[in-house]
Amino acid sequence: MAFKPFKITPSARRLLELWPLFPAAVYLIGFLIVVVSYLFALSFSFADEHGVTIFPSFESLRAVFAAPEFNSAFVNTIAFVAVGTPLELIVGLALALLVYRSFHLRNIVRSIFIIPLAIPALVTATMLFILFDFPGGHINHLLMGKYCFLPAVLHNPINWRGVKLLALGIALAGKVWRDMPISMLILLAGLNAIDPELFDAAKTMGAGLRQRLWRIVVPLILPSISTVVLLRSLEMWKEFIFPFILAGQNNLLGTLIEILYNNWGNAGEAAVVSLTLVVCIVVTALVYLVFIEFVKKLTARR
Amino acid sequence: MADVALSHIYKSYDGNPVIADLSLTVKSGEFVTLLGPSGCGKSTMLRMIAGLESIDKGDLYIAGRRYNDIPAQKRRLAMVFQSYALFPHMSVRENILFGLKINKVAPALMEEKFTWAIALFGLTGLERRLPKEISGGQRQRVALARALVLDPDVLLLDEPLSNLDAALRESAMEELKRVHRSVGKTIIYVTHNQVEAMSMSGRIAVLAGGNLEQFAAPQAVYDDPQTLFTAGFIGSPPMNFLTGLLQTRGTETGIATEVGFIILDKERQVRCVASLGKKVIVGIRPQNISYTDHFSARRVSDTSITLKAELFETLGDRNLVVARGAGDTVLRFLMKQDDDILPDRQVGVFIDGRKIHVFDPDTRKSIFK
Ligand SMILES: Nc1ncnc2c1ncn2[C@@H]1O[C@H](COP(=O)(O)OP(=O)(O)OP(=O)(O)O)[C@@H](O)[C@H]1O
Ligand SMILES: [Mg+2]
């Protein structure tokens with residue numbers, strides 16, 4: 001008797017092809033469910049003065065949202081997202097264009113710009129901490145003319161990390177510096193996918209550098225740009241290490257969680273802040289998706 | 001309207017010369033083809049004229065003005081690329097209007113030119129499609145339309161038809177000729193396809209290894225190839241080449257070869273006296289070797305030789321015969337469909353003495369004065 005091959009319908013085949021993903025999916029979803037449900041449980045419980053845990057309770061929620069620390073951390077975080085994301089995009093794009101245009105040395109130049117990623121964030125942040133220290137940091141010394149090659153511009157040292165805006169600015173600069181290779185590499189991949197003859201064609205039709213950038217490059221790397229915007233904005237929401245080391249008392253949501261949990265031993269309020277962060281990230285992702293659909297419709301065809 | 005003059009152009013990449021001392025003048029309104037094998041520097045030439053590639057040495061003049069240092073976006077040239085280089089994110093309409101928008105043309109004029117272009121190139125109805133949604137032939141027409149709406153002084157075309165199938169290429173060639181006649185632009189056209197070059201151009205510049213081999217009208221390039229390269233490159237099936245000695249026997253001058261003494265006609269005899277006694281290479285097109293059983297058809301300037309037919313290739317209207325003569329010399333010639341030549345038979349053929357090409361093996365140039 002001849003062996004009869006096993007018949008598979010196309011839809012069954014598609015399901016079958018997804019099968020190897022099953023363990024990973026179960027793990028991820030399971031992980032999310034455990035963590036988020038625990039987060040919810042913590043957020044809505046409250047330990048009273050006798051140490052008795054009350055559930056459900058809105059006490060943690062109320063306490064967090066009433067606290068001025070939360071408000072300022074929330075504002076600081078939004079500022080990080082709103083300033084940091086475009087900054088990373090612009091710096092990444094500028095670097096990508098630079099690498100793209102440095103024809104012969106492209107690989108070397110690219111490698112140089114990847115270095116920040118190779119240094120642990122903690123090290124970078126600590127370096128910045130030392131540079132901007134008060135009263136004896138290198139920047140202060142430099143400006144006060146303590147290094148032979150520069151004249152003195154200052155008489156008294158500046159407490160860089162003591163000024164809120166400066167402290168946050170230094171933290172943000174460190175973050176952007178460290179992460180710029182990621183944006184650069186994504187955008188560079190987008191640039192490399194463009195047929196260089198398109199630029200030649202635009203040139204012969206009279207388009208200058210700026211017109212080529214806006215009419216050809218940007219529309220064609222829009223997918224890369226939107227990837228960068230999504231990835232970097234999510235990163236900015238949950239940023240921890242740079243503000244933790246550099247921003248002093250000026251908390252972000254990420255550092256506030258740490259302070260609440262470790263310093264103040266308030267797990268419930270820490271959980272509420274974490275939950276807020278989760279909600280912010282989910283909302284950002286959704287807004288992004290809607291926005292992308294909108295842009296797609298807009299750029300479709302006219 | 002502008003003439004394009006290249007004078008002693010040199011170009012090299014990483015020390016490897018690609019173009020060496022090339023001079024060429026294209027008259028205003030002329031259709032000139034740069035014809036040559038792959039890698040001979042045709043695209044490089046075109047890109048230098050367009051300003052997309054720098055010129056190492058030499059001068060480029062357009063309409064009498066030196067253009068070497070004028071950036072590509074300031075030259076009033078338009079170029080059609082081999083890949084068409086249509087902007088993938090723009091519709092047909094936007095692609096065609098791109099250059100006009102860049103040059104800030106008034107909307108009314110823009111609309112007028114657009115309407116003219118889509119009518120000329122038969123693109124009506126495709127205005128809103130993206131390049132990926134139209135056929136290869138349509139893409140090529142969009143690329144041409146995009147170049148022509150700019151009203152360029154010079155139109156540069158880099159193998160625009162190479163991606164098209166035979167039928168489409170035929171109609172595209174007609175279209176290009178029609179466009180050239182109606183707009184009268186100076187056109188520099190690059191191809192490695194001799195059929196395209198022959199059928200469209202006013203003059204052909206034959207390039208090989210970065211050198212200009214010959215620059216003449218298509219018929220002149222075919223009838224009077226000035227170099228060995230041109231002789232072998234132009235014409236299909238390719239020319240037969242034999243080596244021999246140029247000498248006079250009795251009253252006739254001809255070339256003593258292994259297959260026999262090939263006589264030149266009187267006019268050619270006069271033109272080659274300076275080279276008498278030299279070793280030469282003889283070129284004979286398959287079209288100029290004829291088989292006929294009527295001996296009376298022979299002209300005085302014809303040479304009669306005997307060959308053994310070995311292989312036959314059908315070309316449709318005629319057959320190509322691969323035959324062997326004395327000294328194992330292989331010669332190809334054409335026979336009419338109703339000629340009956342049998343394989344492995346000796347056949348007598350005539351070589352037309354008026355159509356023989358003779359080259360100096362050292363200079364690789366024609367010896368005819
Ligand atoms: N950017 C470059 N760097 C180095 N060598 C190059 C470069 N561009 C072209 N060449 C070389 O120059 C020579 C001429 O190239 P070109 O593109 O002009 O040839 P072509 O005649 O257009 O050939 P084809 O018919 O295949 O398009 C080739 O040998 C090619 O390898
Ligand atoms: Mg080419």
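This is a predicted model: local features need pLDDT of at least 70, side-chain atom pairs count only at pLDDT 80 or more; totals for chains, interfaces and linings use all residues.
Local features were considered only at pLDDT of at least 70 and side-chain atom pairs only at pLDDT 80 or more, whereas totals for chains, interfaces and linings use all residues. Residues are numbered from 1 along each chain as its sequence is written, chains are lettered from A and ligands numbered from 1 in the order in which they are written, and side-chain values use heavy atoms, with hydrogens and water left out.

The secondary structure of chain B comprises nine helices and 20 strands; helices (H or I, at least four residues) and strands (E, at least two) are DSSP runs, numbered from the N terminus. Along the principal axes, the C-alpha atoms of chain B fill a box of roughly 75 × 45 × 35 Å. Chain B has 369 residues, of which 52% count as buried. Here buried denotes under 20% relative accessible area, exposed over 50%, and partly exposed the range in between (1.4 Å probe, protein chains only). Among contacts (heavy atoms within 4.5 Å) in chain B between residues at least 6 apart in sequence, 65% join residues at least 24 apart.

Salt bridges were then examined. Side chains of opposite charge can pair when their charged atoms come close. In chain A, A:Arg62 and A:Glu59 are joined by a salt bridge with an N to O distance of 2.7 Å. These two residues lie three residues apart in helix 3 (residues 59-66) of chain A, so about one helical turn separates A:Arg62 from A:Glu59. A:Glu59 has a relative accessibility of 26% and is therefore partly exposed. A network of salt bridges in chain A links A:Glu88, A:Lys175, A:Arg178, A:Asp179, A:Arg232, A:Glu235, A:Lys238 and A:Glu239.

In chain B, a salt bridge connects B:Arg66 with B:Asp59, their closest N and O atoms being 2.7 Å apart. Both partners are partly exposed, B:Arg66 at 38% relative accessibility and B:Asp59 with a relative accessible area of 21%. A further salt bridge, at 3.1 Å from N to O, is formed by the side chains of B:Arg93 and B:Glu111. This pair links distant parts of the chain, 18 residues apart, with B:Arg93 in helix 2 (residues 92-102) and B:Glu111 in helix 3 (residues 107-120) of chain B. B:Arg93 is partly exposed at 26% relative accessibility, and B:Glu111 is partly exposed at 35%.

B:Asp158, in strand 7 (residues 154-158) of chain B, is buried yet has no salt bridge. The nearest side chain of opposite charge is that of B:Arg47, 6.7 Å away, where Lys and Arg count as positive and Asp and Glu as negative, while His and the chain ends are not counted. The side chain of B:Asp158 makes a polar contact of 3.0 Å with that of B:Ser43. A polar contact is a pair of N or O atoms within 3.5 Å; within protein, one must be able to donate a hydrogen and the other to accept it, and residues adjacent in sequence count only if both atoms are side-chain atoms. The rings of A:Trp19 and A:Phe22 are stacked because their centres are 5.2 Å apart and their planes lie at 5°. A:Trp19 is exposed at 58% relative accessibility, and A:Phe22 is partly exposed at 46%. One aromatic cluster is formed by A:Phe40, A:Phe44 and A:Phe58. A charge sits over a ring if NZ of Lys or CZ of Arg is within 6 Å of the ring centre and within 35 degrees of the ring normal. A:Arg161 lies over the face of A:Phe129 at 3.8 Å from the ring centre, and B:Arg285 over that of B:Tyr222 at 4.0 Å.

Finally, A:Asn140 lies in helix 7 (residues 138-143) of chain A and is buried at 0% relative accessibility. Beyond its neighbours within four places in sequence, the contacts of A:Asn140 include A:Asp133, A:Leu154 and A:Trp160.

How values were computed: Rings of Phe, Tyr and Trp (its six-membered ring) pair if their centres lie within 6.5 Å; planes under 30 degrees apart count as stacked, over 60 as edge-to-face and the rest as tilted. A salt bridge is a side-chain nitrogen of Lys or Arg within 4 Å of a carboxyl oxygen of Asp or Glu.
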